[in-house]
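The sequence and structure are shown first.

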Amino acid sequence: MAASGAGSPGRLVQYVVVRSDLVHKLSWPLGAVITQACHAATAAIHLHYSDLDTQQYLAELDSMHKVVLGAPDEAALSGLSENLTQAGVSHKLWIEQPENIPTCLALKPYPKETVQPLLRKFKLFK
């Protein structure tokens, strides 16, 4: 999926989806959850470093755009990962080790309109 050009219609965004139950039900420290999101975002960029959208996203370093969404639990996060895989959307599901707990996922940068429909049911992380 290539960028559709410059400007607002083709704005590149990196979506990060974090399990909100980690904070609200399992009482993880907020810093630990933020760390998970950072791991996933960095891994997605690394895995897709040579991708044209990723290169353009990184070239505009001071105007990078990320959206952090919340998934209610592990099942929702895993289901999203499966749906993204089926749709051919490149992402990294971050699984915290050694506990083997899926905590979040990050997409490589995409034009917003390309991937936003797949993420509609997820709200901004709170």
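## Salt bridges

A salt bridge is taken here as a side-chain nitrogen of Lys or Arg within 4 Å of a carboxyl oxygen of Asp or Glu. The model is predicted, and four such salt bridges are found in the whole structure. In one of them, the side chains of Arg-19 and Asp-21 meet with an N to O distance of 2.9 Å. Both of these residues are buried.

Lys-108 and Asp-51 also form a salt bridge, again at 2.9 Å from N to O. Lys-108 lies in the loop between strand E4 (101-107) and strand E5 (110-111), and Asp-51 in the loop between helix H2 (30-47) and helix H3 (52-59), so the pair ties together parts 57 residues apart in sequence. Lys-108 is buried at 3% relative accessibility, whereas Asp-51 is partly exposed at 23%.

Asp-53 forms a salt bridge with Lys-108 as well, with the closest N and O atoms 3.6 Å apart. This pair links helix H3, which holds Asp-53, to the loop between E4 and E5, 55 residues away. Asp-53 is buried, with a relative accessible area of 2%. Salt bridges with shared partners also join Arg-19, Asp-21 and Glu-74 into one network.

## Overall fold

The chain contains five helices and six strands, in the order β-α-α-α-β-α-β-β-β-α-β from the N terminus. Its radius of gyration is 14 Å, close to the 14 Å given by the globule rule for 126 residues, so the chain is as compact as a globular protein of that length.

## Burial and charge

Of the 126 residues, 40% count as buried. The chain carries 11 positive and 11 negative side chains, and the centres of the two sets lie 8 Å apart.

Technical notes
Residues are numbered from 1 along each chain as its sequence is written. This is a predicted model: local features need pLDDT of at least 70, side-chain atom pairs count only at pLDDT 80 or more; totals for chains, interfaces and linings use all residues. Side-chain values use heavy atoms; hydrogens and water are left out. Helices (H or I, at least four residues) and strands (E, at least two) are DSSP runs, numbered from the N terminus. The radius of gyration is taken over C-alpha atoms; the globule rule is 2.2 Å times the number of residues to the power 0.38. Buried means under 20% relative accessible area, exposed over 50%, partly exposed in between (1.4 Å probe, protein chains only). Lys and Arg count as positive and Asp and Glu as negative; His and the chain ends are not counted. The place of a charge is taken as NZ of Lys, CZ of Arg, CG of Asp or CD of Glu.
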